[in-house]
Amino acid sequence: MTKITLNGRELEVDASKPLIAACDTAGIDVPRYCYHPGLEPVGSCRICQVEVSEGGRPARVMAACRTQVTEGMVVNTEAAGAHDARRECLEFLLKNHPLDCPICDKAGECTLQDYSFQEQQAASRSTEPRATLEKRVDLGEVIMLDQERCILCTRCVRFQEEVTKKPELTNAGLASNSYITTFAGRPLTGNYQGNLADVCPVGALTLKPFRFQARVWNLEKSSSTCAECSRGCSISVEVLRRGDVKRIRPVFNPDVNQWWMCDTGRFSFPEVNDAERLTGGLIASGDDLMGVTTGEAIRHAAGVLASSSKTALLASPFLTVEEAAEVKVLGEAVGAELLFVSPDPNELKDDLLHTGDPCPNRNGLEQAGFKAISPADAATRVTGADAAILVGERILKLLAGNSLGSTKLVTLDTAACLASGVEACISIPFYVEKAGTWINVDGHIGRLTIARPIPASVQPLERSLVELTKSLSRAGASV
Amino acid sequence: MVIVKRKELSLSERLYLPEIFRGMSMTFRAMFKPAVTRQYPEEPLPTDEVTRGQPRLATNDEDGSIRCVSCGLCEAACPAYAITIDGQDTDRNAITIAGDVTEKFIEREPKEFEIDMLRCILCGFCEEACPKDAIFMSDELELADFTRKDLIYGLDKLKRPVSTLRPRIDYIYKVNERWQASSSTR
């Protein structure tokens, strides 16, 4: 630890990190474009200049991201000289930056926009026309590049060099004619392309699936946990007008995902924007299914389960720890073994984040006493029983392709079950609509929060499970 | 107790007639003057460029394309939350206005642009917020329909050729100094 004086405050800071990191720890806002805490600092944008005096020498203006912290350093981030240097920098950065803010997806969370607003740097003194470059360079499935907006901070280049270790982007051209491009114009590959749009401080790299979908200030953001693998990255679920999830972004979590997340998780939101989702309940009526309230479906399900002599129970790996506790009570009431469906690891496993295991709460369920079972074995268990309870998000999808025979089925899923033996379908919320806990592959706790309201005709899974257990004990008593 | 003494009336006052003639002279004078009332709705209300009627979206005269780029600033500025915009990608070329091409592409245009006229308070903040000179207060004031749903105006009801909004645009530029400094697409 090193002692420095920062804006008149004496602080103990970590000497292994650059000065700008010390400013962040102290809660002092220093603007930055090229510096990213997860990447090697290069000092290319020069916007983080602050006034530093060392060893009694006169104060000098230095880039905070490339300055090592030394004992007794006196730093002033708000000095007039530092402000002047930063304002000059900003003027150069804005020299060729197009006035695209009305159509730019970054507007509202763009630090270039924020800082030019803060410094009142709106008018340009230059009479030269702005440089014209390619506005739409298609970089594959995920990313669209606007070379005019680019301020050449090279965060994207460094992200690929340092994080994915698979460089595909480069800074081509010389001096003022520089631009970002891929090698030989090839499209980007890999499962971490979405992070490029996150690291880009301006709107040069934008996500194609999010392109013009929403203005960022209209998005309601809630912290949550990614559902796509057992890593359980911390995410921010961003919802437009209490309806569709428009974007999922990683949130910094030093223990799990740092600043990053994979594209599989990032673009998994169509799953929870399903317009065909089940609401209320469905019960078998002759050969058809009849729409009823959740309460009626639960009472019908209890009747079916009470008359069954052998009941199987299969949980989804998407159940939260809290829901698993209620499933356990239900499992004991029907005398079923506690099992959860665990599909085979998929080919998405990589060295960075994705574990390849599509069960976000495997650890939590195993700790709660559930045993993993493959989808094929699970189907065998179902066909061997009189009745089966299938509970949890995506359980029907996980069992799809396996014959469930004519066993009487009670399902609690976001979708309706179309198998022949279905007796009752009870609707449940998606993981973005509930509060709960998942335990990831390393034992870290991932919280789920309510990112959007659940439809009025859908009730929380815990409540449905408690009601089902109660109705079951009443139905059992009357039989 | 207060004793109020009645006023003694003069002869002319007791006769009433002079007062009646005075009143009737007023009536007959007004009868031959031109009428000040207006035959609304047969005769429309007069409007001028200062009238802040319902907001309308300007379309370019040259090709009928909409000027709006769905940036959402009017939506953010609207104090009554009357505006809802959904954007979409477009590769429509920007038209050349007075030989000055500022953009190669428009890139973004509204997919849906709704103004809930029941909520709109005709304040004109949207007009002031717009960076693209795309929304202006028109001289249209009448608002009546049979259902509430019909009063949520979509793109089809909001589009107007920019030439029909011209007097308002010129007026707005005249009164707003800030706009004079940056008259790009006018």
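Is B:Leu122 buried, exposed or partly exposed, and how many C-beta neighbours does B:Leu122 have inside 10 Å? The views below, taken from a predicted model, begin with this residue.

**View 1. The loop of chain B that holds B:Leu122.** Because B:Leu122 has 16 C-beta neighbours inside 10 Å, this residue counts as partly exposed. B:Leu122 sits in the loop that runs between strand 3 (108-116) and helix 4 (125-129) of chain B, and its phi is positive, near 55°, although the residue is not a glycine.

**View 2. The loop of chain A that holds A:Thr154.** Between strand 7 (143-145) and helix 4 (155-162) of chain A lies the loop in which A:Thr154 is placed. A:Thr154, a residue other than glycine, has a positive phi of about 65°, and it counts as buried because 22 C-beta neighbours lie inside 10 Å, where the cut-off for a buried residue is 20 or more.

**View 3. The cis peptide bond of chain B.** The bond that leads from B:Tyr40 to B:Pro41 is cis, and its omega is near 5°. B:Pro41 belongs to the loop between helix 2 (17-32) and strand 1 (55-59) of chain B.

**View 4. Domain 1 and domain 2 of chain A.** Chain A is divided into domain 1 (2-92), domain 2 (128-212) and domain 3 (281-478). The C-alpha centres of domain 1 and domain 2 of chain A are 27 Å apart, and nine residues of domain 1 are in contact with eleven residues of domain 2. On the side of domain 1 of chain A that touches domain 2, the residues comprise five nonpolar, three polar and one charged.

Methods: Residues are numbered from 1 along each chain as its sequence is written. Chains are lettered from A and ligands numbered from 1 in the order in which they are written. This is a predicted model: local features need pLDDT of at least 70, side-chain atom pairs count only at pLDDT 80 or more; totals for chains, interfaces and linings use all residues. Helices (H or I, at least four residues) and strands (E, at least two) are DSSP runs, numbered from the N terminus. A residue is buried if 20 or more other C-beta atoms lie within 10 Å of its own, exposed if 12 or fewer, and partly exposed in between; C-beta atoms are placed from the backbone. Domain bounds come from an automatic or database domain assignment. Two residues are in contact if their C-beta atoms, placed from the backbone, lie within 7 Å. Ala, Val, Leu, Ile, Met, Phe, Trp, Tyr, Cys and Pro count as nonpolar, Asp, Glu, Lys and Arg as charged, and the others, Gly among them, as polar.
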